[in-house]
Amino acid sequence: MLFDFVAILRQVVRYFVANSAPGHLAAGFTIGMAIGLAPKGNLIALSLCVVLFSIRCNRGLGLAAATMFSFVGTWTDPFAHKLGDLALSFEPLQATYASVFSLPLGPWIGFNNTVVTGAVLTTLYVAYPVFWIMRQFFTAVESLASSRRPGCIPQVTLESTP
Amino acid sequence: MSASPRWHRIVPRVLSVIVALLAVQYLAGLAVRTLAVNYGKAATSASVNVAHARVSPLDRSLVLSGLKIADPSRPERTLLSADVCELPINLGSLLHKQAVVDRGRISGLQVASLAPAKNSRQDRIRWFDSASQQSVENWLFRLSNKFERTLLEELPSVARTDAFCKRWDSESRSLDARAQRLERYASDLSETVEAAETNPLRNDTFFQELPARLASLQNDIAAFDADLKKVSASLDDERRAIVAGRRDDEQVLRDRLRLDAIDGDALGNYLLEEVVGAKLDELVGFFHWTRQAVPPGDVKTSTRSRGEDVFFAGGRRGPGVLIRSLRLDGTMQIAGRPVKFHGTLSDLASTPALHNGPIRLHLSTAGPLSMDLQVAIDRSSGQPREMLLVECQRLVLSEQSLGSADKLQVKLAPSIAAMNINVLLEGDNLSGDIQFVQSNVRMTPLLGGESNSEPLLTALFDSLVPDKSFSTRILLAGTLDSPTCQLSSNVGSTVVDAIVRAAGRSRDARVAMLTAEAGRRVDEQLASLERKASDQQAKLARCTRSVSDNLERIAWGTSPRHRLSSEKVGRRLPDTSLFR
C-alpha cells in the first residue's frame, strides 16, 4: 500500500520535473504561488496566468502551486488584508490610485481590494527568495535523481550550473 | 505549385470558430439570464422569472424575453410582466466595470399595481378618529330611533285622555257599585218592611227606626245624585282641557323629532373612511415598497468574501448597473380597467447612492383616461427622498358605495373624476396633498338595518341634489410609520344637509299625521266616553228614581206608626158581636 503511494508520488514528481530545468520549475512554482495567494476575478490574477502560460517555465507545477496556495490563501488573507489596507491608505498615493482606478480597465485590475494588493505585495516580497530556494531544492532533487539512476551520468544543465 | 486555398483546412477551422462563437453566445445568454434573475430577486425581494435571454454581440445588446416579477406578499400574483426587454450596453462603460444602458426599451409591459399588495396580516393604519366615528354612529342611531318610535302615547292630549278615561272608568264603576248598593239596600229595606208589617208588634222597634233609615237613605241618594252630576260636569271640564292640550301636541312632537346637529366633516369621514383609508394604505404601502426596493443609507464598502474594496477620494465611482433611459410601453390597471401607457424610466442604478441623480419614472396614458404619473426616488443625498405626482383630469369611476350598508350608505353612480396627488416623503416625514373632484354625480342614500324608515328614505331621496359635484381633499402628514391625514370633503356636508332637510320634511309630515291621529283618537275616546256617560247617567237616574220610589212607597206604606194601645191590642169583640 505504502509502496504504491510512493510509486504514484514518484511518477507525479517525475512528470513535473522531467525535462525541466530547476529554474523553470522554480519559476513555475513562484508564479503559481502568486496566482494561488491572490484572489481571482481580477486582471492581476489573469495577467499572472498569462505570464505562467507565456514564459518558459513548468506550467504543471505552476498550476499545482496555484491550487495549493489557493487553500493556503485563506490563512494568509488577514495578513494580506492588513498589508493591503496599509498600502491603499497611504495618503500621498491616493491621487495616483484614483487616477489609475479611473483609467479604462482600472476597476478590473482589482488593486483596490485590500487582499489583492496585500497578496501582490507579499508575493513581490517573497518571490525571489522562494524562486531561489525552490531552484536550490529542485537542483538538489535533480542531482539526487541523477545519482541514483544506474549507469547514468548526471545531466548538467545550463540553469543548474552556478 | 497550386495557389488555390486549402479549403479542407480553412472550412473546418471557420466552422469551429462559428460553433465556438455560438456556444459562447449561448452560454453568455444563460449567464445573463441567471444574473438578471438574481439581481431582480435581490432588488425586489420577489420571485423573478426570465423565459429567455440573448446576448447579441452585433447589436451590443441584451434581450430578455418573458420577464415576470411576482408580488412578494402574494407569490401567485404577477406584479409586473414584460414581453421584451432590450438593453443595449455601452461597451465603453464595461472598461470601467459598469454596465450602462443609454437607451433601453421594454415593450408589452403589464403592470398590475405600482406597489405589491399589502399583506392582510399587517395592521391597517387608523386614519380617522374612532371617537368621531362613534359619535356619527350614535347620531344615526338616534336619527333612526326618532322616526321608529311611536310617539302617540307621549302626546299631552292623548295621555290626558287616556288618564281621564281610566279615571272615569274607575269612577263609573264606583258609581255603579254605589247605585247597586243603594238599590239593594232599598230592596232589602222594602222586603224587611213587608216582612215586618206582618207582625208590627214584634217589629215595633224596627218601625220606630225606619224613618231615620229612610232619611239616611235619602241622603245617600242625594249624595249619589250630586256625585253623578259632578262626574258629568268633570267630563265637560276635561274635554275642554283636552281640546286646549291639543295645541301643545304639535310643539311636543316637534321637540321630540328635532334632529341633533352633526358636523359635516365627521359624517364625511364616516362615509369616506373605508374608501379613502384603503387608497391611503395603498399609497403608504407604495412608499414602504420603494424604501424596501431601493434601501436608503450610505454606500457601505462592499465586503467581498476576501478583503474589502477601497474607493479613493476623487476617483470615479459609479453603480455597477446603470440604465440611463428605458422606454416603457404597455398596459396598466387603473380603476379596474386596462389602460395603455408609455413612459420613461431614467437613472435606474443598481446602487442609487452612487449615482448623482434620482430614479425617475414618468408614465403617461393617452385616450379617454388621460393620466400623468411621475415618481422620483432620490438616494443621492444623505436623506432619502421620494416624490409622487399624479395628475388625472378624466378618471372614469365605476359605481361606488360609501359608508356601511347596515347604517348609512351612499351610492355614487358612475362618474368622471379629476385627481391630483402630490406626495413627498423626505426622510421619514410624509407630506402630501390629494385632491379629488367628482363632477355630476348622482347620489343614492340608503339607510340600512332597522333604520330603514320608508318616509325618511323617501324624503332623503327628494332632498338630495341630483348630479352634484363633490370635492375631497386629503392632507397627509406625520411619518411613514405613523401617518396622519386630514380629510375635508363636501360629501359629508351634502349628506348632512340632505338628511336634515329630509328629517325636517319627514318631521312635518309625521307631526301632521300624529296630531291628526291623536285628534281622531281623542275624539273617538271622548265620544265613546260621552256615550257611556249618558248611558250610565240614564241608568243611574233610573236606579235612583226606582230607589226613591221604593223609599216613598215604604214611607207611605208604613206611616204613621204609633204605639198600639191596650184597647187596640187587647180588646176582644163580644161573643154576641155581629162581627165575631
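Two residues are in contact here when heavy atoms lie within 4.5 Å. By that rule, the contact between the chains of this predicted model takes 25 residues from chain A and 16 residues from chain B.

The size of an interface is often given as the accessible area lost when the parts come together. For chain A and chain B, about 1700 Å² is buried between them, and 56% of this lies on carbon and sulfur atoms. On the side of chain A, three residues stand out: A:Trp108, A:Asn112 and A:Asn113 supply 27% of the area that chain A buries against chain B, more than any other three residues.

Four helices of chain A each give two or more residues to the side that touches chain B: H4 (59–88), H5 (94–102), H6 (106–109) and H7 (114–148). The largest share, 5 residues, comes from H5(A). Sorted by class, this side of chain A has 15 nonpolar, 8 polar and 2 charged residues. As for specific pairings across the interface of chain A and chain B, the rule finds 0 salt bridges. It does find 6 residue pairs in polar contact, both residues of a pair being at pLDDT 80 or more.

Chain B can now be taken by itself. Its secondary structure consists of 9 helices and 17 strands. Of the 580 residues in chain B, 39% are buried. Among the contacts in chain B with a separation of 6 or more, 66% are between residues 24 or more positions apart.

Salt bridges come next. Over all chains, a search of the whole structure finds 16 of them. One of these joins the side chains of B:Arg77 and B:Asp71, with an N to O distance of 2.5 Å. B:Asp71 has a relative accessible area of 1%, so the residue counts as buried.

Another salt bridge, at 2.6 Å from N to O, is formed by the side chains of B:Asp237 and B:Arg240. Both residues lie in helix H5 (residues 204–256) of chain B, 3 residues apart, about one turn of the helix. In this pair, B:Asp237 is partly exposed at 45% relative accessibility, while B:Arg240 is exposed at 53%.

B:Arg291 is buried, with 12% relative accessibility, whereas B:Asp428 is partly exposed, with 42%. The two residues also belong to a network of salt bridges that links B:Arg291, B:Arg379, B:Glu386 and B:Asp428.

Cysteines remain to be considered. A disulfide is a covalent bond between the sulfur atoms of two cysteines. How many disulfides does a search of the whole structure find over all chains? The search finds 0.

Key. Residues numbered from 1 in each chain as written. Chains lettered and ligands numbered in written order. Predicted model: local features only at pLDDT ≥ 70, side-chain atom pairs only at ≥ 80, totals over all residues. Heavy atoms only, no water. Disulfide = S-S within 2.5 Å. Buried area = accessible area lost by both parts, 1.4 Å probe. Salt bridge = Lys/Arg side-chain N within 4 Å of Asp/Glu carboxyl O. Polar contact = N/O pair within 3.5 Å; in protein donor to acceptor, adjacent residues only side chain to side chain. Nonpolar A, V, L, I, M, F, W, Y, C, P; charged D, E, K, R; others polar. Buried < 20%, exposed > 50% of the residue type's maximum accessible area, 1.4 Å probe, protein only.
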